Amino acid sequence: MDRFVDLAVSAVLLAGLYATMAYGLGLIYGVLRVVNLAHGGVIMAGAYLGWILHGWLGLDPYLAIPLVVGVTFLLGVLTYRVLVRHLPRGAAGGPASLLLLFGVWLVLRNAAYLLFSGNDQTIRTAYSTRAIPLLGSYVSVNRLAVLAIAVVTPAALQLLLKRTYLGRAIRAVAQNADSCTLVGIDVERIYTITFGLGTALAGLAGLLSATIFSFNPGFGSGELLKSFVVVVLGGLGSVFGTGIAALVLAVVEVFAILVLPSYLTAAVGFVMLVLVLVFRPGGLFGQRVLG
Amino acid sequence: MSEPLLSVDAIDVFYGDIQVLYGLSLEVREGEIVTLLGSNGAGKTTTLRAVSGLRRPRAGDIRFRGKSLVGLPAAGRAELGIALVPEGRDLWAQLTVRENLDLGAYHPRVRANAARNLERVFTMFPRLSERSGQIAGSLSGGEQQMCAIGRALMGEPVLLMLDEPSLGLAPILVDQVMRTVSDLHAQGMTVLLVEQNLRKALEVAQRGTVIETGRVRLEGTSAELSANPEIRTAYLGL
């Protein structure tokens, strides 16, 4: 029973991280119909940004959030304005944007190898190893903080999308861009901001991961694949669905430990991905675009 | 004679290699209802898309209040007060009625007046007020048309262009849409109306332009066009 509670708690904590990784990917796909393969590279970049700010300037990773989010937002804006903007969209642009953004990822990764070498790095803080009792098991303070941010982030995102003119315009562009220009929405501006937001969410996820896991320039590939699973599972673009899907993936992965050898647990997500694509291609909750 | 509100001057419009409009010209004066008539594929929708900036002419000029619109993107034209209610409504189906209307007041010039304009739209279409929390895609065809017109009105248009507003509506709703157009006109709105329902269109409009395969075929007042024997046989089935 104790074991069960332990696993349930760690599944919930992990789910928060998965959801944070997936929002950015889902947002960009939902609005621009572009699969951002550079997502993994930005997660890695977010981890290194946090590491630099912590190691060189002594900035606590949680206080570094605004900076990392700001820098990766600008990185996203730049990627869109310089590269993605010029590509065809939708089905026609599929191969072109996949290759281009994969290239962006390779550039980010190799830049990181050049700057930081391939050694594993960690962000260690005073509270990295601290744990508090919760539901009869011990829970890392840091993981709780990650979960808290993982809950606040989608709430803030949802508030932005539902309550502000900008957010409504983002959802409207996702559904019908022509109608948007007819009411005076600068669609290119919305695309730019959306790409920035999605990239910033990846940066945030990278920073949060770096407080838990060790990382090197190759970091982010597994994270990208897990983001795919969550996005497909959750039905593209639904903030709520993404959260639930992240929980499903985390629970299945964590509890798979009970029945599968540990080297196979990583495959669980992909088996789920295949099953969902075959049996419920619209995601667990049906396909809605940022509705 | 003063400068017309809108003048389309010999525009050529292409879709890829296929030419749809051939030197098409058209004028709409302040306070008029002008109707653009013609059969399917004649280029009516394309003309409206060119005026609203969704489709760029390869040649010719479009002027609004005497200033050329060439080079001005669609979003900027909306700010000038050029509104299009597109064919098939093109609402944001997964946004609520209220969100659709709110976004109609997106550009800065009208955002401050959004509350007042929403009140006006709800007074004009009480049905929308009842359904304001509903997803726009769940509305009936007539309600969607009201919502699309309401969205355009939220932007305080100077020129309202309607593309086949009666398409797919029951006759009673067609009458209601036409009455709305007349009411708006009575309040001083300038309207460019594209219709397949020629009879209804000529009832509300003062002038009409008939286009055929991308060229102007006939022009005249509604009375002249209604009396034209060619129109009577070809379009009115008399």
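## Where the chains meet

Chain A and chain B touch through 18 residues of chain A and 21 residues of chain B. Two residues are in contact if their C-beta atoms, placed from the backbone, lie within 7 Å. On the side of chain B that touches chain A, the elements giving two or more residues are helix 2 (74–80) and helix 3 (97–104) of chain B. Helices (H or I, at least four residues) and strands (E, at least two) are DSSP runs, numbered from the N terminus.

By class, this side of chain B holds eleven nonpolar, five polar and five charged residues. Ala, Val, Leu, Ile, Met, Phe, Trp, Tyr, Cys and Pro count as nonpolar; Asp, Glu, Lys and Arg count as charged; the others, Gly among them, count as polar.

## Reading the model

This is a predicted model: local features need pLDDT of at least 70, side-chain atom pairs count only at pLDDT 80 or more, and totals for chains, interfaces and linings use all residues. Residues are numbered from 1 along each chain as its sequence is written, while chains are lettered from A and ligands numbered from 1 in the order in which they are written.

## Chain A

Chain A has eleven helices and two strands. Along the sequence they run α-α-α-α-β-β-α-α-α-α-α-α-α. The C-alpha trace spans about 60 × 45 × 35 Å along its principal axes. A compact globule of 291 residues would have a radius of gyration near 19 Å, and chain A agrees with 19 Å. That radius is taken over C-alpha atoms, and the globule rule is 2.2 Å times the number of residues to the power 0.38.

Of the 291 residues in chain A, 48% are buried. A residue is buried if 20 or more other C-beta atoms lie within 10 Å of its own, exposed if 12 or fewer, and partly exposed in between; C-beta atoms are placed from the backbone. Take the contacts in chain A between residues at least 6 apart in sequence: 78% of them join residues at least 24 apart. The mean pLDDT of chain A is 89, and 95% of the residues score at least 70. This score is the predictor's confidence in each residue, from 0 to 100. Within chain A, confidence is highest in helix 3 (residues 65–82), at a mean of 97, and lowest in strand 2 (residues 137–140), at 82.

## Two domains in chain B

Chain B is assigned domain 1 (1–81 + 158–238) and domain 2 (89–156). These bounds come from an automatic or database domain assignment. The C-alpha centres of the two domains lie 23 Å apart. Ten residues of domain 1 of chain B are in contact with ten residues of domain 2 of chain B.

On the domain 1 side, helix 2 and helix 8 (171–186) of chain B each supply at least two residues. Helix 8 of chain B gives the largest share, three residues. The domain 1 side has six nonpolar, three polar and one charged residues.

## Strands of chain B

Four strands of chain B form an open antiparallel sheet in the order 2-1-4-5. Strand 2 (18–28) and strand 5 (67–68) of chain B stand at the edges with a single partner strand each, so one side of each has no neighbour in the sheet. Two strands pair if DSSP finds at least two bridges between them. Strand 4 (residues 59–64) and strand 5 of chain B pair in the antiparallel sense over two bridges. R63(B) has S68(B), in strand 5 of chain B, as its bridge partner.

Strand 6 (residues 82–85) and strand 7 (residues 159–163) of chain B pair in the parallel sense over four bridges. V85(B) stands opposite L162(B) in strand 7 of chain B. In a regular strand the side chains alternate between the two faces of the sheet. Both faces of strand 6 of chain B are covered: I82(B) and L84(B) are buried on one side, A83(B) and V85(B) on the other.

## A covered helix and some positive phi angles

Helix 1 (residues 44–52) of chain B is mostly covered, with nine of its nine residues buried. Among them are K44(B), R49(B) and V51(B). Just after helix 1 of chain B, G53(B) takes a positive phi of about 95 degrees.

R65(B) is not a glycine, yet its phi is positive, near 50 degrees. R65(B) lies in the loop between strand 4 and strand 5 of chain B. R65(B) counts as partly exposed because it has 15 C-beta neighbours inside 10 Å. T213(B), also not a glycine, has a positive phi of about 35 degrees. T213(B) lies in the loop between strand 9 (207–212) and strand 10 (215–221) of chain B. With 14 other C-beta atoms within 10 Å, T213(B) is partly exposed.
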